[in-house]
Amino acid sequence: MNLNDDIKTIKGIGDKTAALFARLNIHTVEDLLKTYPRNYLSYGDTVNIADVEEGQRVAVLGLINTYANVKHIKSLTIVTVGIKDPSGTMKLTWFNQPYLRNTLRNGDSYVFVGTVKIKNGSKVMEHPEIYKLDKYRDMQQEYMPVYPLTKGLTNNTFVKSMKAVRSLIQSMQEYLPDEVREAQELMEISDAYENVHFPGNEALLKNAIRRIAFDEFFSFLYKLKKTKDKTFTFDNTHRIVKGRACADFIESLPFSLTKGQQQAIEDILADMGSDHVMNRLVQGDVGSGKTVVAEAAMFACVKEGYQAALMVPTEVLAKQHYEDLKASYEQFGIRVEMLVGSTPAKEKRHIYEKLKTGGIDVIVGTHALIQDTVEFLDLGLVITDEQHRFGVNQRERLSLKGDYPHVLVMSATPIPRTLAIILYADMDISIIKELPKGRKPIKNCAVGTSYRETAMKFIASQVAEGSQAYVICPMVNESDSLDVSNVVDYTETMKSYLGNTARVEMLHGQMKADEKAEIMERFKNREIDVLVSTTVIEVGVNNPNATVMLVENAERFGLAQLHQLRGRVGRGKKQSYCIFINGKATPESMERLKVLEDSNDGFFIANEDLRLRGPGDFFGIRQSGEALFILADIYNHADMLKCAQAVLNEYGDRITPSMLPEKERKTDTVL
Ligand code: ADP
Ligand code: MG
């Protein structure tokens, strides 16, 4: 077996499993080895059921004392059994694993590992892992890697496959000279891969992560340096004459621009009118009004006779931008269309044709825009919104649709300037510092679960005043059906609590695209008062009439992500509120959430999160959400980013990294 062999050469992986791996972009043995755990679990001793408290993740040795019960609710299959130990009883439930009915026999004993909830006064473990006792005892000796999964692919399969290719790790080529490794205290690449998948101990695991983070940054910066040298020599083939048309558009807006917006638009027009192709990043906190900057840029481009494309990470966001653009461009006769994964085939063909022949001026879409079938007549400008959700290759693929079009990327990620200069070395940066005038600062509170009822009452009172609310339930992992059930359950709870005083609906990633679009549409049209959702709505969604953001189990989210979620409210003139419910009442988790109470500043929040992180927290919660890197996170591994930059400066072309294949998140299917 070789690193570049198909994963089907691995014992135990057939067509079916290979297809599941393919969904995660894993095709070869090397792809598999370069898919790192997203976390590690160490298994503690089993505890008595009587001693278990709500919200704890525990292992319980229990005897199954009921027959498995199978229920169907909508598209969910729920299997339930009861267990007991000498101290008490507990219920266990699994979603969409109907075959468990045959595995879990009355009278069998297993170790069940999971998080405990209290429902109707009894203890319930949802979706526990199941182990034979012997197996569990063995596992207690190890750190258990948790891999990114997709529906149908279990962590167990992942671990087994990894074990099957373990012997190949030693054949991975080191590319760093010994002197560099020694000076920077970086472990050898093969040791790093060994320990990231099969951690020897905590110290080795930490060093392995450090080394791999270094590699990811180094490869990225290396590639950036190569393209940077090229980019700056690109001539401007789509010269846009400054100010010619934009003023008309700006005049048509229902508000006046902030200073930051004006400056960003000026920067963009200057770039597009210069001798070189534009390559610019617009950075501005959530709600700072980046969309209108993009609209102005596309307007100028279209008025000059070229086409423009706007790529966004989710269909929900594409639809929103599409509606906004249609409304604001209508009076100018600009032809806007939308292209997303779920666009019907016939309509897609129609759009392809019009893009090719110039029948469309502005196209908004998701990854669907970078498919091979998409061709433009003359693409002058490409924009990626929420750029951190895209890989570099995806951004490049969109640019390649044209003949050196101008490039604009927009981001709300608060990256400290020192890091931004390294990461965006190839780009010019415009920063929008202030929020539009008239915004009232959001009022925040971080509270325990006992406050839930008060929070619901509060939502009811806001709805009575004509406002709308979001309720977010955690999404542990995109493939995890747990989050769906949370949303389903929670929607039911909200409905029964609010009765006919509010219209409650839900939204989650496993709904069909048109269902999601319909829900968003109705929420926007105020036909829904309370939207219970997963983090599908995390990025970009804009409904200025929403004034409450309630986040359940807020402790499970990174602070930066909570800040993004909070950005969904406070987008209009009304006073807005954000309630973070801490489901795990530890002082540490409360201290973290209190940071959000004290500050609305994205930079400050990201830094505090880093400061408050505990030992043994190997990855923390991904802060930046940057899709550029697989394992590395610009916040968590800022030191490695600087280190990679220093090595590159010193050694330049004398070191060639063994290039990492860029993993692209398929956000289209996920969200
Ligand atoms: P983000 O930077 O998060 O993408 P948006 O572009 O979605 O923010 O803008 C948020 C809201 O603010 C939108 O409803 C938009 O119409 C409004 N907005 C943008 N610029 C201004 C402005 N200068 N004055 C008032 N409202 C504005
Ligand atoms: Mg936006």
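Helices (H or I, at least four residues) and strands (E, at least two) are DSSP runs, numbered from the N terminus. This is a predicted model in which local features need pLDDT of at least 70 and side-chain atom pairs count only at pLDDT 80 or more, while totals for chains, interfaces and linings use all residues. Residues are numbered from 1 along each chain as its sequence is written, chains are lettered from A and ligands numbered from 1 in the order in which they are written, and side-chain values use heavy atoms, with hydrogens and water left out.

Select helix H20 (residues 587-598), which lies across E17 and E22 and runs at about 165 degrees to E17. Such angles run from 0 to 180 degrees between N-to-C directions, with axes as lines fitted to C-alpha atoms, for helices over the stretch in contact; contact means heavy atoms within 4.5 Å.

Now display the open sheet of six strands, whose order is E17-E22-E21-E18-E20-E19, with parallel pairing. Two strands pair if DSSP finds at least two bridges between them. Strand E17 (443-448) and strand E19 (504-507) are at the edges with a single partner strand each, so one side of each has no neighbour in the sheet. From one strand to the next, the twist averages 20 degrees.

Within this sheet, select strand E21 (residues 546-551) and strand E22 (residues 577-582): they run parallel and are joined by four bridges. Val-551 has Phe-580 as its bridge partner in E22. Next select helix H18 (residues 513-524), which packs on the sheet and touches strand E18 (468-472), E19, strand E20 (530-533) and E21. The direction of H18 makes about 140 degrees with that of E19.

**Second stop: the seven-stranded sheet**

Move to the open sheet of seven strands, ordered E12-E13-E11-E14-E15-E10-E16 with parallel pairing. Its edge strands, strand E12 (336-339) and strand E16 (428-432), each pair on one side only. The twist here averages 20 degrees from one strand to the next.

Select strand E10 (residues 279-284) together with E16: the two pair in the parallel sense over five bridges. Asp-428 is the bridge partner of Arg-280 in E16.

A polar backbone atom of Gly-289 is 3.0 Å from an oxygen atom of the ligand, and a polar side-chain atom of Asn-542 lies 2.9 Å from an oxygen atom of ligand 1. Taken alone, ligand 1 exposes 570 Å², of which the protein buries 84%; accessible areas come from the Shrake-Rupley method with a 1.4 Å probe.

**Last stop: two loop residues**

Finally, select Asn-25, in the loop between helix H1 (15-23) and helix H2 (29-33). Its phi is near 65 degrees, a positive value in a residue other than glycine. Asn-553, in the loop between E21 and helix H19 (559-566), likewise has a positive phi, near 50 degrees. Most residues other than glycine have a negative phi.

Key: A polar contact is a pair of N or O atoms within 3.5 Å; within protein, one must be able to donate a hydrogen and the other to accept it, and residues adjacent in sequence count only if both atoms are side-chain atoms.
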